[in-house]
Amino acid sequence: QVQLVESGGGLVQAGGSLRLSCAASGRTGGTYRMGWFRQAPGKEREFVAAISRSGITTSYADSVKGRFAISRDNAKNTVYLQMNSLKPEDTAVYYCGAESTPVTGTWNYWGQGTQVTVSS
């Protein structure tokens, strides 16, 4: 099993920045891409960003391109999400996920989530 623990959420004013961290433990050798998703009240969970196992390939939702950056430190088993130019619509619970197979979309490991609130 793999455990994911997020940290770094909080309250920030519009235009501000936050950096989220996701620490992985357990059988991390059995994970592939890692990523961030978010869920706002009354909405479904949506994809935010993902990064390959090597850290070379990244992908982003259109809504965060140019503002958010995902990175990973494999020596620390940690994934980061640097969020800049935050907007009120970025307010959500942010979840860290990890794929359990090489097949895209097998997000079977999840953290407990961290709240991000952006005030206008």
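Begin by selecting arginine 67, which is buried, with a relative accessible area of 11%; buried means under 20% relative accessible area, exposed over 50%, and partly exposed in between, with a 1.4 Å probe and protein chains only. The model is a predicted one, in which local features need pLDDT of at least 70 and side-chain atom pairs count only at pLDDT 80 or more, while totals for chains, interfaces and linings use all residues. Residues are numbered from 1 along each chain as its sequence is written, and side-chain values use heavy atoms, with hydrogens and water left out.

**The salt bridges**

Arginine 67 forms a salt bridge with aspartate 90, and the closest N and O atoms are 2.7 Å apart. The pair links distant parts of the chain: arginine 67 is in the loop between β6 (58-60) and β7, and aspartate 90 is in the loop between β8 and β9 (92-99), 23 residues apart. Helices (H or I, at least four residues) and strands (E, at least two) are DSSP runs, numbered from the N terminus. Aspartate 90 counts as buried, at 1% relative accessibility.

A salt bridge here is a side-chain nitrogen of Lys or Arg within 4 Å of a carboxyl oxygen of Asp or Glu. Side chains of opposite charge can pair when their charged atoms come close. How many salt bridges does a search of the whole structure find? The search finds five.

Next, select arginine 38 and glutamate 46. These two residues form a salt bridge whose closest N and O atoms are 2.6 Å apart. Arginine 38 is buried, with a relative accessible area of 6%, whereas glutamate 46 is partly exposed, with a relative accessible area of 36%. Display Arg38, Glu46, Arg67 and Asp90 together: they are linked in a network of salt bridges.

Then select aspartate 62 and lysine 65, which form a salt bridge with the closest N and O atoms 3.2 Å apart. Aspartate 62 counts as exposed, at 64% relative accessibility.

**The aromatic rings**

Select Phe37, Phe47, Trp107 and Trp110, which ring pairs link into a cluster. The structure holds three aromatic pairs. Rings of Phe, Tyr and Trp (its six-membered ring) pair if their centres lie within 6.5 Å; planes under 30 degrees apart count as stacked, over 60 as edge-to-face and the rest as tilted.

Centre the view on phenylalanine 37 and phenylalanine 47. Their ring centres are 5.6 Å apart and their planes stand at 75°, so the pair is edge-to-face. Phenylalanine 37 is in strand β4 (residues 34-39) and phenylalanine 47 in strand β5 (residues 46-51), 10 residues apart. Phenylalanine 37 counts as buried at 10% relative accessibility, while phenylalanine 47 counts as partly exposed at 27%.

Keep phenylalanine 37 and turn to tryptophan 110. This aromatic pair is also edge-to-face, at 5.0 Å centre to centre and with 75° between the planes. Tryptophan 110 lies in strand β10 (residues 107-110) and phenylalanine 37 in strand β4, so the pair ties together parts that are 73 residues apart in sequence. Tryptophan 110 counts as partly exposed, at 33% relative accessibility.

**The disulfide**

Which cysteines form a disulfide? Select cysteine 22 and cysteine 96, whose sulfur atoms are 2.0 Å apart; a disulfide is a pair of cysteine sulfur atoms within 2.5 Å. The torsion about the S-S bond is about -80°, so the disulfide is left-handed. Cysteine 22 lies in strand β3 (residues 18-26) and cysteine 96 in strand β9, so the pair ties together parts that are 74 residues apart in sequence. Both cysteine 22 and cysteine 96 are buried.

**The sheet**

Finally, switch to a cartoon view. Four strands form an open sheet in the order β1-β3-β8-β7, with antiparallel pairing; two strands pair if DSSP finds at least two bridges between them. The edge strands, β1 (2-7) and β7 (68-73), each pair on one side only. Strand β7 is joined to strand β8 (residues 78-83) by six bridges, and the two run antiparallel. On this pair, select arginine 72, which stands opposite valine 79 in β8.
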